[in-house]
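These are my notebook entries on one protein chain.

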Amino acid sequence: MVIRNLRKLLTALCVCSLTLLSGCTSLGYYTQAAQGQLSLLYKAKPINDWLSDSLVNESLKNKLKRTQEIREFAVRELGLPDNASYKNYADLNRSFVVWNVVATPEFSLVPEQWCFPVAGCVDYRGYYDKEAAMNFAEGLRKKGLDVRVTGVPAYSTLGWFNDPVLSTFIHYPEPEIARLIFHELAHQVAYAAGDSPFNESFATAVEEVGLSRWLDARGDDAMRDSYRIYRGRRDDFLALLNKYRLQLEAMYQQPISDDEKRQRKSELMQSMQIDYSVLKQTWGGYSGYDRWFNEPVSNAHFALIATYNDWVPEFKALMAEQKTLPAFYAAVKALADRDSYTRHQMLARYKPLVHQSAVKSESNHAAASQ
């Protein structure tokens, strides 16, 4: 096992893992990526070992048992990969497994990218150490970029390794654990090198459909009601972000001075926070999205949300057209094999008419990058 894993590790780390590959040009970054992934592998041990350990508390054991039920459901009902991922557990003794840094220009919502062999370019750069991520972010800010640092509870290695269940999310509510596992396993189904919005939106579509089926099959009324409330708040929050995202995009295109753009940008950010305060009141004071404002709101915040959500309606429409998940996965794999411009044009056929102008803008940007 050690020889086989070491060979896989050396191969994978040459191209790095999904969230960390962007730093292969930096020896220090490469070293922290290697050490972080190695630490994860060595801390993970079979869930059955945790279940048989008398020192492990019953609450954790029950949660670990539930993850295995979720894992079996993912294979049996969603057609997700049947491998050793999420059959081990690692206690990391920290809040997140990695911290991602997202950056954009001052007057653009298009994220900076970091590129590497095989996996292409990604819209974020990940660190296993929060301080290192914050230091890198500060360097980007000094260059005039908008930056956001966000903690990540899990990531996919695209099948290079057996991704474990982690202490960073094991205590989440059950629907969140299921959603996360479905999302990360979806990354092992299809992956388009250099197209983060495509990859993340596909995984988000799978997670949402998967979770709906999980709740129907395994949830109780209380769990379904709780998730319905959660989804309502999430949809409200995304609608708020999209409202201001569209206003920012339109303003950045106007023929006005940088100083005026800077002033209007500040006004829009302030207005959004006021609207968020009003929205919270309709939720009875629920503060779950307050963390989004831990750093000054910037373009980078909107870029990250867009990466995970922009193509979700299209993927769901494609899923409905294909009728079965295996057919849907095959169609997505075929799209992933296309060049980015063709891929986006084909996927855009499923976009609701109200968003057509946004698609044209994105497609033009993609064509220009070819």
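I worked from a predicted model, in which local features need pLDDT of at least 70, side-chain atom pairs count only at pLDDT 80 or more, and totals for chains, interfaces and linings use all residues. Residues are numbered from 1 along each chain as its sequence is written, and side-chain values use heavy atoms, without hydrogens and water.

**Entry 1: the helix pair.** I looked up helix α4 (residues 58-78) and helix α7 (residues 196-218), and found an angle of about 115 degrees, with the axes 11 Å apart. Helices here are DSSP runs (H or I, at least four residues), numbered from the N terminus. Axes are lines fitted to C-alpha atoms over the stretch in contact, and angles run from 0 to 180 degrees between N-to-C directions. The two helices are therefore roughly perpendicular (65 to 115 degrees). On α4 the contact (heavy atoms within 4.5 Å) is made by R66, E69, I70, F73, E77 and L78, and on α7 by G210, R213, W214, A217 and R218.

**Entry 2: the cores.** I then looked up the largest nonpolar core, which has 61 residues. Such a core is a set of buried Ala, Val, Leu, Ile, Met, Phe, Trp, Tyr and Cys residues joined through side-chain atoms within 4.5 Å; buried means under 20% relative accessible area, exposed over 50% and partly exposed in between (1.4 Å probe, protein chains only). Its largest share, 9 residues, comes from α7.

**Entry 3: S212.** I found S212 in helix α7. S212 counts as partly exposed, because its relative accessibility is 39%.

Conventions: Parallel < 35°, antiparallel > 145°, perpendicular 65-115°, else oblique.
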